[in-house]
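Hi everyone, thanks for coming.

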Amino acid sequence: MFTGIIQALGQIRGMQPQSGDLRLTVAAGNLDLSDVQLGDSIAVSGACLTVVEVQRDAFAVDVSRETLDKTILGRLQVGSPVNLEKALRLADRLGGHLVAGHVDGVGQVREVSASGRSQVFAIAAPPDLLRYVAAKGSVCVDGISLTVNALRGDLFMLNLIPHTLAQTTAAQWRPGQSVNLEVDLIARYLERWVATGPGSGLKSTVDRDSLAAKGFPV
């Protein structure tokens, strides 16, 4: 598990195809690797990956075909910046929201505009993911825990303050750019629970008609 609070900006140092999938070598930037061991998890722009090699200032991960199909990792190039976060420890502060590192799909930056010292981004999400995105709810974009300001058609709006822009890859987002999306865990599990409630062996006291009237799938 992760929090979506980016700990360092890294950079793709190497991309080695391996029988249909890919091994990435990631320069760790300011990320402390002193406690990282083989088998540990690190989120690379939102995708939870397993460390298979640790170097002095870098680490290597294997990216499966499934991950390449579901994320932007296969579209990166040597030199591309990436957001990095080590896995959450039980004693850590949960500064963002609970993030699994399981990217649900790819969105696209549509609009970028200024709002005071902040930047406002309009991100397009596939319909099957947009249903889980709610105004003032949480969404993870390229590994960054962010609050949704508003919804507009197939877009959700984000306001990023200067600190977030300085500490993440978001400062380089431009219209047309693809980004990794992970929707809120609670929204996904709530839908599943409602859909498999009465009649599936689960006891439920939820008024399904009331949920349907509010737009929940039942």
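So, which residue in E10 does Ser-138 stand opposite? It's Thr-147. Before going on, some housekeeping: this is a predicted model, where local features need pLDDT of at least 70 and side-chain atom pairs count only at pLDDT 80 or more, while totals for chains, interfaces and linings use all residues. Residues are numbered from 1 along each chain as its sequence is written, and side-chain values use heavy atoms, leaving out hydrogens and water.

Back to the strands, which are DSSP runs of at least two residues, numbered from the N terminus. E9 (residues 138-141) and E10 (residues 144-152) run antiparallel, joined by 4 bridges; to count as paired, two strands need at least two bridges in DSSP. They make a hairpin with 2 residues between them, and Asp-142 in that turn has a positive phi of about 50°.

E10 also pairs with E11 (residues 155-160), again antiparallel and over 4 bridges. Here Ala-150 stands opposite Met-157. This hairpin has 2 residues between its strands too, with Gly-153 in the turn at a positive phi of about 60°.

Now the inside. A nonpolar core is a set of buried Ala, Val, Leu, Ile, Met, Phe, Trp, Tyr and Cys residues joined through side-chain atoms within 4.5 Å, and buried means under 20% relative accessible area with a 1.4 Å probe, protein chains only. The largest one has 24 residues, and Ile-42, Val-44, Phe-59, Val-63 and Leu-84 touch the most other members. Strands giving it two or more residues include E1 (8-18) and E6 (81-86). A second, separate core of 23 residues includes Ile-123 and Tyr-132.

Methods:
Buried < 20%, exposed > 50% of the residue type's maximum accessible area, 1.4 Å probe, protein only.
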